[in-house]
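Below are some notes on the model you sent. They are in the order in which I went through the structure.

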Amino acid sequence: MSEDLLRIDDLHVSFSTRRGLVEAVRGVTLTVAPGEMLGLVGESGSGKSVTGFATTRLLDAAGRVIGGRILFRGQDVTKLGGDDLRQLQGAAMSMIFQNPRAALNPIRAIGLQIADAILTHKRISRDAARAEALELLRAVQIRDPETRMNAYPHELSGGMCQRVMIAIAISCNPALLIADEPTTGLDVTTQKVVMDLLADIAAARGMATILITHDLGLAARYCRRIAVMERGRIVEEADPKTLFSAPQHAYTRRLVAASPTATSRIEDLVTEEERERHAAVVSKPRLEPAHGTPPLLEVRKLAKRFDQGAAAVADFSMTMAGGESVGLVGESGSGKSTTSRMICRLIDPSEGDIVFDGQSIGRVASRDFHRSRFRKDIQMVFQDPNESLNPRFTAFDCIAHPLLRLDGMRAGEALRQRVEECAERVGLPHDLLPRFPHQLSGGQKARVGIARAIACRPRLLVLDEPTAALDVSVQAVVLQLLDRLRRENDIALLFVSHDLNVVRMLCDRTIVLRNGGIVEQGESRALFDNPKTDYTRELVEAIPHIESGKVLAAAL
Amino acid sequence: MRAGRRLLSSLPALFGVLVFTFLLMRVLPGDPAVFFASGPNAGKEEIEQIRKQMGLDKSVPEQLVFYLSDIGRGNLGRSMMTGQPVLKDLRERLPASLELTFTALLIALIAAVPLGVMAALRPGSVVDHGVRLFCALGVCVPTFVSGLLLIYVFYYLLGLAPDPTGRIDVFTSLPPQRTGFLSIDFLLAGDVDGWWAACKQLILPAVSMALFVIAPLARITRASMLVSLGSDFVRTARSVGLSWRKVVVTYALRNAILPVITIAGIVFSTMLGANVLVEKVFSWPGVASYALDALLSSDYAPVQGFVLLMASLFVLVNLVVDICYGIADPRVSIG
C-alpha cells in the first residue's frame, strides 16, 4: 500500500435539523495519494461537499461527524482541536469554494486578505507578507497585480475572484487542496481558464487535489480517478475511461447518460429502463410552413441602452417560425438575458421593433403589455425555479394564476381541470398540486414553472437558463419535457443558455451573442461542428467533453 | 460635492417641515395673547393690543409670509417666555442636549455592540437569553422611570451621584465657553475638578437614556453578526486557519457593523427629540425641555424654531451616517 496523504475511513456525518437527525454522509471510504487529483462527483444532496467540509473541519454548527476517521498524514483530523487544527487549516490543507465573490470578505482589499492568510502561518513582517501576496497574484495570473492588491472583491469579475481565492488557498503551500465546485457559475471560457490554472498550480506545487463537482465532464477532463457519490455513499470509483465506457452502478449509468455530450441527442439522456416509463412520444413530422407565411416572430435591429451607457444589446435581428427552437448563447454580459426580456416584453427596447404574428409589439410599453392580447402567446420560464415561484402560492395557484388573469377563467371546476391538464402535460403528479414551493424538489418546481408558462397555450416560450440550477439527471428530464411540448403543441422555443451542449441538442438554430451583438448564427449542428468565428470556436472548445477525458487518458 | 447636493436636495423637505409646523401651531387651541397678557383679568383691549403687537391679527397666509421672510433673514423670532431671541436660546441650550445625547449614544454603543456580539457567538445560550432579557427590560421601562430609579439608587441610597439638578452644581465656576460641551470645555481649560464634576452630572441622565436605546442596537448587532458569522467569507477565513480574534473582529464584526451605523443614526435623531423626559427629570437645560415649556405656554416661535432645528439636525445626521457608511463599506460610494 502506498503512503496515502488522506485516508477517509467509513465516515458518517449527520445534521440535526428541525425534522430530526439527517445523515448526509453514510460510510464514505476514500484515499488520496500525494499530488493526485481526485474527482468527487455527485448531484446535489449526495454528500460530496459535506465530505469535503468534514475533512477541513468546516462543517456548520448543526453538522457532526458521528462515525469513522479522517486520517491526514496519519493524524485523525476529526479529533484535532484548537491550535493543532489551525496549524492544519490553510497550512496543510485548504479549500476553494463555490461562488467566489461571496467567499471573499467584501470590505477588505484582496491583497490584505491574502496577507492575512500568510501572516497566520508564517512569522514574517507585514511588508514581506504583502510582497508574497503580490507574488501569489502573479502566480494566479492576475493582470496588473500591483493595482489589484488594493481592489475589493466587487471590483473584480467572478473568474478573478476565484483566482484570488486560489491565491489564498495556496498561500502556504498546502499538501491537500479541496476545490468545492470551483467553477460552477462561471462562464465556460472562464471555467476552462480557471480549471487549467488550478491544475497547473497543483501539478507544479505537488498538491493533492480533491475536485468536488456535479459536472462529470469537468471531472473527466482533469482527474485520473473519479469517485461517484449518491445519497451519502460512494457507489463507484474508477478512472474516467472505465467510468464512461463501462459504468458499473445503476446510478453512474444514469449520470453518464444524463450528462450531455457533443453528440448526444435528447433521447439519449436517460437510460433504457427510464425511457420506458415515459410514454413514447409519437413525433409527428413537422409540417413545413407554406411558402409566404409570415414568421411567428421577427425582431428588427433591436437595441437596449441602460442609463445612457454603452449599449447592452445593439443591432439584434432575428426571425423565428412557429414551432421552431432557437438557442441564444453567450457568456455573462453578452446581452442574452436582456434580449430575451425585450422579446418577452418585460423591458422596453431603446431602438428597433419586435413583430409578433405580423403585428408590431415593440412599441407597446412593457408595463401595459399585460393587457395586450399577445401576452398569453408569449410566456417565459425563468432561471431559478426557487426564486420565480411565489412562496405563498401553492403549485395549483401558480399554474392557475395566468389562467385567471390572462384567460379570464373563473375559479371552479373548469379551472381545476385546466390546471390538472397542464400538470399532466409536464408530468407533475396531481397530489403535488396543493403543495407550496418549499415542499417541492428542484425538478418539481421547474415543472411548475413550465406548467405555469404553458397554461395559456402560448405560441412562443422564452426560457432563460431553465435548467441552470438543476442536477443533470433532472435537467435531462426537463429537456425531454420541453422537446416533447414543442413537438406536441407546436410551441416555438427561444432558449437562452450558456450550456452549449444543451442548446445543441434542443435547438434547430443557434445565435451566438457577444458584447450585445450577434457574432454568428446558423443551424445548430453545423455551427457547433464548424464554427466560423474564433469566438464561437473558443466557446465550443471550452466545453468539458467526456470524450476529451478519453483523449486525455490516452495521451498520458 | 455629492454631500453638497445631498444637503440641497433636503431643502424642500425642510421647507415642508417649516410650513407644516407653522400651520399646526395655528390650529392648536390656546391664544398666546391671552397667555401673555398681564393677568387673568386683563381687559379685552389689552389682549387686542398684544395680539396686534404679535401680528396675530393678520390672516394666517400673511403671517406665514412674514414668518418665512424672517426665517430667510435668519431671524427665528423672539420667545415670549424668556424674552430673548429664539436663536440665542437655542444656541445656549443645544450644546447641553447634544452633549447628553452624544454621551448616551456612546454609552449605548459601547454596551450594545459587545452584548450583541456575545449573543451572536452563542445563540440560544444563557448569554443570549440574558442579553435578550436585559434589552427587553431596557425597552419596557420608560426613561423617566429608569431615570428616577437611578437617582434613587445612586443619589439617595448610595450618595455616589451629585444632586440631579442641571449640568453643573452652582458652586463650580464655568469654564470659558468654546464648544459648549462642558466636559470638553473644562478639559480645554485644564480644570480637571470641574471636568469631573460635569461628568458626574452627566452620567446618570446619559445612562438612563442609553438604557432605552441599547435594545435596538444590540438586537441589530446580534442579527447582522449572525448573518456575518454564517457567511461564506467567514468560512473562508476559518478555512485558512485565521485566529479566532481575526475571524470575529476583522472579518465578521466589521461587516456586521454596517447596519448598526444606520440604526445608530436613526436612534440618535430619535433620542435628540425624545430626551425631553430625561431633561425634565434631571433638570437638564436642553432644547427639548425648552420646547416643551414653550408649547405648554403657546409660545409659537420657540416651538417652530425647535422643530426646524430638529429637522436640520436630522438631515445632517443622515448625511453623516451616509458618509460613515461610505467609508466603512467600499461598495457604497457617497462622498
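1. Helix α5(A) is followed by A:Q141, whose phi is positive, near 60 degrees. Helices (H or I, at least four residues) and strands (E, at least two) are DSSP runs numbered from the N terminus. This is a predicted model, in which local features need pLDDT of at least 70, side-chain atom pairs count only at pLDDT 80 or more, and totals for chains, interfaces and linings use all residues. Residues are numbered from 1 along each chain as its sequence is written, with chains lettered from A and ligands numbered from 1 in the order in which they are written.

2. The buried residues of α5(A) are A:A129, A:E132, A:A133, A:L136 and A:L137. Buried means that 20 or more other C-beta atoms, placed from the backbone, lie within 10 Å of the residue's own; 12 or fewer is exposed, and in between is partly exposed. These five residues cover an arc of only 145 degrees around the axis, which puts them on the same side of α5(A); the arc is that of the directions from the helix axis to the C-beta atoms. An α-helix has 3.6 residues a turn, so residues three or four places apart point the same way.

3. What covers the buried residues of α5(A) includes α4 (110-121), α6 (145-148) and α7 (158-170) of chain A. Contact here means C-beta atoms, placed from the backbone, within 7 Å.

4. Helix α1 (residues 48-55) of chain A is mostly covered, with eight of its eight residues buried. Among them are A:K48, A:V50 and A:F53. Just after α1(A), A:R57 has a positive phi of about 60 degrees.

5. The contact between the chains takes 23 residues from chain A and 18 residues from chain B. On the side of chain A that touches chain B, β6 (93-96), α3 (100-103) and α4 each give two or more residues. The largest share, four residues, comes from α4(A).

6. An open sheet of six strands in chain A has the order β16-β17-β18-β13-β19-β20, with mixed pairing; two strands pair if DSSP finds at least two bridges between them. β16 (378-381) and β20 (517-523) of chain A stand at the edges with a single partner strand each, so one side of each has no neighbour in the sheet.

7. Strands β13 (residues 325-329) and β19 (residues 509-514) of chain A run parallel and are joined by four bridges. A:G327 stands opposite A:T510 in β19(A).

Terms used: Contact = placed C-beta atoms within 7 Å.
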